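Please go through the model shown here before reading on. A short briefing follows it.

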Amino acid sequence: MKIAVVGNSGTGKSSFINTLRGITNEDPGAARTGVVEYENSRPECYAHPNLSDIIFWDLPGVGTPTWPRISYADAVNLYRYDFYLIFFNQRFREEDIWLLKEIQSTGKIYYLIRTRVDVDVAWLEALPCKRHSLPWQRYN
C-alpha cells in the first residue's frame, strides 16, 4: 500500500514518518526534516519497519516556489497513491483546500491531520484578554 504523506511545507510530515518508523530525525536513513522547502526537493519513499507492504511517500510541500500548485499533482504523481494523510497546521489555507479537493476527486481514502495544536493552545492561553474560553475551561 502506497501512503502519501502530503501537505504544506513545515507541517511535520517527515517527522511523522520518522516517528512511525521508530527513528529520530537525526538517525541515518531518516526522512529529511526542516521548514525550508528545499529540504524535501522530491518525493521520497520509506518502508514501514514491520509491515513490508506499506510504503510511506513523503511528498514535498504544496504551493512552494519549487512545487507550485499548478504543476504539483503531475510532478508528484498525486493520483497514484492508495491512501492519503493530509497534514496542516493552524488554519486550513487555500493550498490545503485545493489539495483536499484534488484528493477527494480520486475517490480514495484520506485523513486530515492537524499538527502543532499544542502551539496554538499555548498561544491562546497566553492571550491577555481571554474573550474566548477554551473548551476545557468552559466546564470548570
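The points below cover fold, core, charges and surface.

This is a predicted model: local features need pLDDT of at least 70, side-chain atom pairs count only at pLDDT 80 or more, and totals for chains, interfaces and linings use all residues. Residues are numbered from 1 along each chain as its sequence is written, and side-chain values use heavy atoms, with hydrogens and water left out. The chain has four helices and five strands. Helices (H or I, at least four residues) and strands (E, at least two) are DSSP runs, numbered from the N terminus.

**Fold and burial**

- From the N terminus on, the order of elements is β-α-β-β-α-β-α-β-α.
- Of the 140 residues in the chain, 34% are buried.
- Buried means under 20% relative accessible area, exposed means over 50%, and partly exposed lies in between (1.4 Å probe, protein chains only).
- Alanine 4 sits in strand 1, and its relative accessible area of 0% makes this residue buried.
- Alanine 4 and arginine 80 are 76 residues apart in sequence, yet 9.1 Å apart in space, C-alpha to C-alpha.

**Nonpolar core**

- The largest nonpolar core has 17 residues. Such a core is a set of buried Ala, Val, Leu, Ile, Met, Phe, Trp, Tyr and Cys residues joined through side-chain atoms within 4.5 Å.
- Leu59, Tyr72, Leu78 and Leu99 have the most contacts inside this core.
- Two or more residues each come from strand 1 (2–7), helix 2 (69–75), strand 4 (83–89) and helix 3 (94–104).
- Helix 3 gives the largest share of this core, four residues.
- In soluble globular proteins, nonpolar side chains tend to be buried together.

**Salt bridges**

- The count comes to three salt bridges, each a side-chain nitrogen of Lys or Arg within 4 Å of a carboxyl oxygen of Asp or Glu.
- Arginine 69 pairs with glutamate 94, the closest N and O atoms being 2.7 Å apart. This pair links distant parts of the chain, arginine 69 in helix 2 and glutamate 94 in helix 3, 25 residues apart.
- Arginine 69 also forms a salt bridge with glutamate 95, at 3.3 Å between the closest N and O atoms. Glutamate 95 lies in helix 3 and arginine 69 in helix 2, so the pair ties together parts 26 residues apart in sequence.
- Arginine 69 is partly exposed at 27%, whereas glutamate 94 counts as exposed at 54%.
- Arginine 42 and glutamate 44 meet in a salt bridge (3.1 Å, N to O). Arginine 42 is partly exposed at 49%, and glutamate 44 is partly exposed at 28%.

**A buried charge**

- Aspartate 58 is in strand 3 (residues 55–58).
- Aspartate 58 is buried yet has no salt bridge. The nearest side chain of opposite charge, lysine 13, is 5.4 Å away; Lys and Arg count as positive and Asp and Glu as negative, while His and the chain ends are not counted.
- The side chains of aspartate 58 and serine 14 make a polar contact of 2.5 Å. A polar contact is a pair of N or O atoms within 3.5 Å; within protein, one must be able to donate a hydrogen and the other to accept it, and residues adjacent in sequence count only if both atoms are side-chain atoms.

**Loop residue**

- Asparagine 77 is in the loop between helix 2 and strand 4.
- Phi of asparagine 77 is near 50°, a positive value in a residue other than glycine.
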